[in-house]
Amino acid sequence: QGLAVLGVVLLTRGGGATFGQGMFFALGAYVAALLPTYVGISDAFVRGAAGMVVAGLGAAILAPLLARYQGIFFAMLTLALSMVLYGLLSKSDALGGSDGMSVVRATFATVAVPAERTDYVMYALAVTVCSLAGWLVSVHWRSSAGLIAQAVRANPLRVEYLGASARFSLGQSFVLSAMLAGLGGALAALALGHVEPNMTNWTTSGEFVFVAVLAGHASVAAVFLSSFLLEVVRSFSNLYFPNTWQLALGCFLLVVIVVRPDGLGSLWRPRKTASDARGADARTAGGTP
């Protein structure tokens, strides 16, 4: 889940908004599930990479269309495409229909891990992949492409005047976001041992957006922390409020929005002092960028 949410945050930071992240999450999951059957590959690394690549290719096909829109129009198009995929998966008997399908147990670098150790190895793999993906995203945010994407979010017209393409930047953010979701979906399929159309339903995408709002876009670490907090809150809510756990989650999110409107990532972001603000205003008035 954390990788898919990281993709939502990356896209939001780049000027986009998505309610269809579950589409690429499901693509990665189904690719990982189908590879052993149709290709004969059960290696976890190959299946994860394949899920990421297929999700990225799907996003690259859609990017020229979606990059023409911004804001709620962009988000609603992603939601519509996600629900189209949900309908196709639900009606496909070859893919298990609405019940989904089981996933063949993964091997690791052609080594069959004992059944009692598989969960531990998958956990170690997920932690490693998430750490590496988080580091790469933080590097991207500090790169020229990441800074352009942040500028597109603030003022796409000014970016065009400066000679960069706002559409290309948004499309690039969309593809990277999809790749992260596809990788996360593949890892989820291997860990759970089952895939189903609900992975691309609007409820799954809404959960990703929920965590992205909780995390904000100031920190990569906040994304994984927020994913962990969501599971903790959901577990305790299910235990003590089994019939109203969604209400507990909603109240939790409202509290975070009121107390920390920029998300949990703003907890460790340096805060500007009054003297810093006055210095910035003076530099701006004097013509210094």
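In this predicted model, Phe208 sits in helix α9, which covers residues 202–215. The relative accessible area of Phe208 is 2%, so Phe208 is buried. Setting aside residues up to four places away in sequence, Phe208 touches Gln1, Ala4, Val5, Val8, Gln21, Gly22 and Phe25. Val5 is 203 residues away from Phe208 in sequence, yet the two C-alpha atoms are 5.2 Å apart in space.

**Confidence**

The mean pLDDT of the chain is 83, and 90% of the residues reach 70 or more. Over residues 272–289 the pLDDT is below 50, and this stretch has one contact in the model beyond near neighbours in sequence.

**Residues of helix α4**

Helix α4 spans residues 71–91 and includes Ser90.

Apart from neighbours within four places in sequence, Phe74 is in contact with Leu11, Ala17, Leu66, Ala67, Tyr69, Leu170 and Phe174. For Ala17, the separation from Phe74 is 57 residues along the sequence and 6.4 Å between C-alpha atoms.

Thr78 is buried as well, at 1% relative accessibility. When residues up to four places away are not counted, Thr78 touches Ala17, Thr18, Phe19, Gly20, Met23, Leu66 and Phe174. Two backbone atoms lie by the polar side-chain atoms of Thr78: the oxygen of Ala75 at 2.5 Å and the nitrogen of Gly20 at 3.5 Å.

Ser90 counts as buried because its relative accessibility is 19% and the cut-off for buried is under 20%. A polar atom of the Ser90 side chain is 2.8 Å from the backbone oxygen of Tyr86. Beyond neighbours within four places in sequence, Ser90 is in contact with Gly97, Ser98 and Pro197.

| Side chain | Backbone atom | Distance |
|---|---|---|
| Thr78 | oxygen of Ala75 | 2.5 Å |
| Thr78 | nitrogen of Gly20 | 3.5 Å |
| Ser90 | oxygen of Tyr86 | 2.8 Å |

**The loop between α1 and α2**

Gly16 is in the loop that joins α1 (2–13) and α2 (21–38). With a relative accessibility of 8%, Gly16 counts as buried. Leaving out neighbours within four places in sequence, the contacts of Gly16 are with Leu11 and Leu170. Both Leu11 and Leu170 are also among the contacts of Phe74. The C-alpha atoms of Gly16 and Ala149 are 9.6 Å apart, although 133 residues separate the two along the chain.

**Helices α5 and α8**

Two packed helices are described by the angle between their axes and the distance between the axes. Helix α5 (residues 115–142) packs with helix α8 (residues 166–192) at an angle of about 170°, and the axes are 10 Å apart. That angle makes α5 roughly antiparallel to α8, because angles over 145 degrees count as roughly antiparallel. From α5, the contact involves Met122, Leu125, Ala126, Val129, Ala133, Val137 and His140. The α8 side consists of Gln172, Leu176, Leu180, Leu183, Leu187, Leu190 and Ala191. By class, the contact between α5 and α8 has 12 nonpolar residues, two polar residues and no charged residues.

Methods
Residues numbered from 1 in each chain as written. Predicted model: local features only at pLDDT ≥ 70, side-chain atom pairs only at ≥ 80, totals over all residues. Heavy atoms only, no water. Axes fitted to C-alpha atoms, helices over the stretch in contact; angles between N-to-C directions. Helix = DSSP H or I, 4+ residues; strand = E, 2+ residues; numbered from the N terminus. Parallel < 35°, antiparallel > 145°, perpendicular 65-115°, else oblique. Contact = heavy atoms within 4.5 Å. Nonpolar A, V, L, I, M, F, W, Y, C, P; charged D, E, K, R; others polar. Buried < 20%, exposed > 50% of the residue type's maximum accessible area, 1.4 Å probe, protein only. pLDDT = per-residue confidence, 0-100. Polar contact = N/O pair within 3.5 Å; in protein donor to acceptor, adjacent residues only side chain to side chain.
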